[in-house]
Amino acid sequence: MGIYIFYLCISIEFLQNCEIKKVNLLLLPSLVPIFNPEVSVAVAVLSRSRSIPFIIPPTLHGRDWINLTKEGHVQEGSDPYVIPQSGPRSSFHSLAGAYVVGTINQELYRFPEDISETDFPEGNIGRLWFSIEYEQESERLLVSLIKARKLQPPDDSCSPFVKIYLLPDERSYLQSKTKRKTLNPQFDENFVFQVSSKMLLQRTLKFLVYHVDKQKKHHLLGQVIFPLKNETLTDDNKLVIWRDLEKENLEPPSEYGDIQFSLSYNDYLGRLTVVVLRARGLKLQEESHAVSVYVKVSLMNHNKFIKSKKTAAVLGSPNPVYNETFSFKADQTELDTASLSLSVLQSIKGEKTHLLGRVVVGPFMYTRGKELEHWNEMISKPKELVKRWHALCHST
């Protein structure tokens, strides 16, 4: 990168209150706009290098600057503006008499790289970018589908499109145009959902990314689930978001439904973390907006109740999305006797709470199968979130 050295000659009219007849100043290019445009500028271009030299101009011969400095720092009879002759000499012939006094590290002034475009974890099946905005007056949710990157189709070619749902309504959706033969489609399409401000935070956006093959068959490449309950959506607050695609669980739901959650244990802090993600295929006693479904997470030790926490309730959906995180204190020595119980509960206004299903994860003392595997994997991968689906059972 070339760097420019500016010598500015400032007229007496510019410094009316100073007794300086003529001063040569060395300024960086960013300072030029603050001066009078009539000021003459001489430009010298330095050679390209990783370090950019700061150059002091040749000796200044001002004679009347003594009153602008502290007298205690100036020896009598000395010229405070003469540059010492012992400094390293500049090699630029056009700047004879100038001296290098320092350098700038160009790396400090580079724009940061957008890691969302380059940092793809192992096993990634694609990434989706979108934006959301809510118009309070018209009660409209504006969704902009921006782009997708590094899709993983079953064939060599890929012609993707996206279906967008506003859950819990899974019967209606909006669909993007199909982009032909690209793994990195640029959509730039806008969609509108009508939803009241009271119901907005109960809703969840669901994006399904499909590929159309040569026989016009649709293949699901992945999905993104984005709950709106934790977002601040206003007229002047447009959120641009990216999420990695997840594979949809194509197995049929179990008899009482399934729940997905993540487990993590921090052995240094002695903290057990549970992230309740979603449930599916729940057998609601009554399907209406008056029905609310929530999850209660309880920590047990030797079958003795220690502490419990609840998610927020989701209204009227057999496939609720939560994405809520809970932490419990648990010493490492207690992991052989502790367990977690996750109960999915339905409540109807004015009626008793009804248990829809339950699952227990923990050590060999309490569990077998997938529940035991999930617990052991959590212990073997400290500080890492381990995510799994579990079938609900109806035992109390």
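Keep in mind that this is a predicted model. Begin by selecting residues 160-167, strand β8, together with residues 204-212, strand β11: the two pair in the antiparallel sense over eight bridges. Within this pairing, click on Ile 164, whose bridge partner in β11 is Phe 207.

Now widen the selection to the open sheet, where four strands run in the order β9-β8-β11-β12 with antiparallel pairing. β9 (169-175) and β12 (218-227) stand at the edges with a single partner strand each, so one side of each has no neighbour in the sheet. From one strand to the next, the twist averages 25 degrees.

Next, turn to the rings. There are four aromatic pairs in the structure. Show Phe 130 and Phe 207: their ring centres are 4.5 Å apart and the planes meet at 35 degrees, so this pair is tilted. It links distant parts of the chain, with Phe 130 in strand β6 (residues 127-135) and Phe 207 in strand β11, 77 residues apart. Both Phe 130 and Phe 207 are buried.

Then select Tyr 165 and Tyr 173, a tilted pair at 5.2 Å centre to centre with 45 degrees between the planes. Are these two buried or exposed? Tyr 165 is buried at 11% relative accessible area, while Tyr 173 is partly exposed at 36%.

Last stop: the largest cavity, with a volume of about 50 Å³. Select its lining residues, among them Leu 167, Gln 202, Thr 204 and Val 314. By class, the lining has five nonpolar, four polar and no charged residues.

Note on methods:
Residues are numbered from 1 along each chain as its sequence is written. This is a predicted model: local features need pLDDT of at least 70, side-chain atom pairs count only at pLDDT 80 or more; totals for chains, interfaces and linings use all residues. Side-chain values use heavy atoms; hydrogens and water are left out. Two strands pair if DSSP finds at least two bridges between them. Axes are lines fitted to C-alpha atoms, for helices over the stretch in contact, and angles run from 0 to 180 degrees between N-to-C directions. On a 1 Å grid over the protein atoms alone, a cavity is a set of points where a 1.4 Å probe fits but cannot get out, and a pocket is an open set with protein on both sides within 12 Å along at least five of seven lines; lining residues have an atom within 4 Å of a point. Grid points are joined across faces, edges and corners, and a volume is the space filled by probe spheres set on the points. Ala, Val, Leu, Ile, Met, Phe, Trp, Tyr, Cys and Pro count as nonpolar, Asp, Glu, Lys and Arg as charged, and the others, Gly among them, as polar. Rings of Phe, Tyr and Trp (its six-membered ring) pair if their centres lie within 6.5 Å; planes under 30 degrees apart count as stacked, over 60 as edge-to-face and the rest as tilted. Buried means under 20% relative accessible area, exposed over 50%, partly exposed in between (1.4 Å probe, protein chains only).
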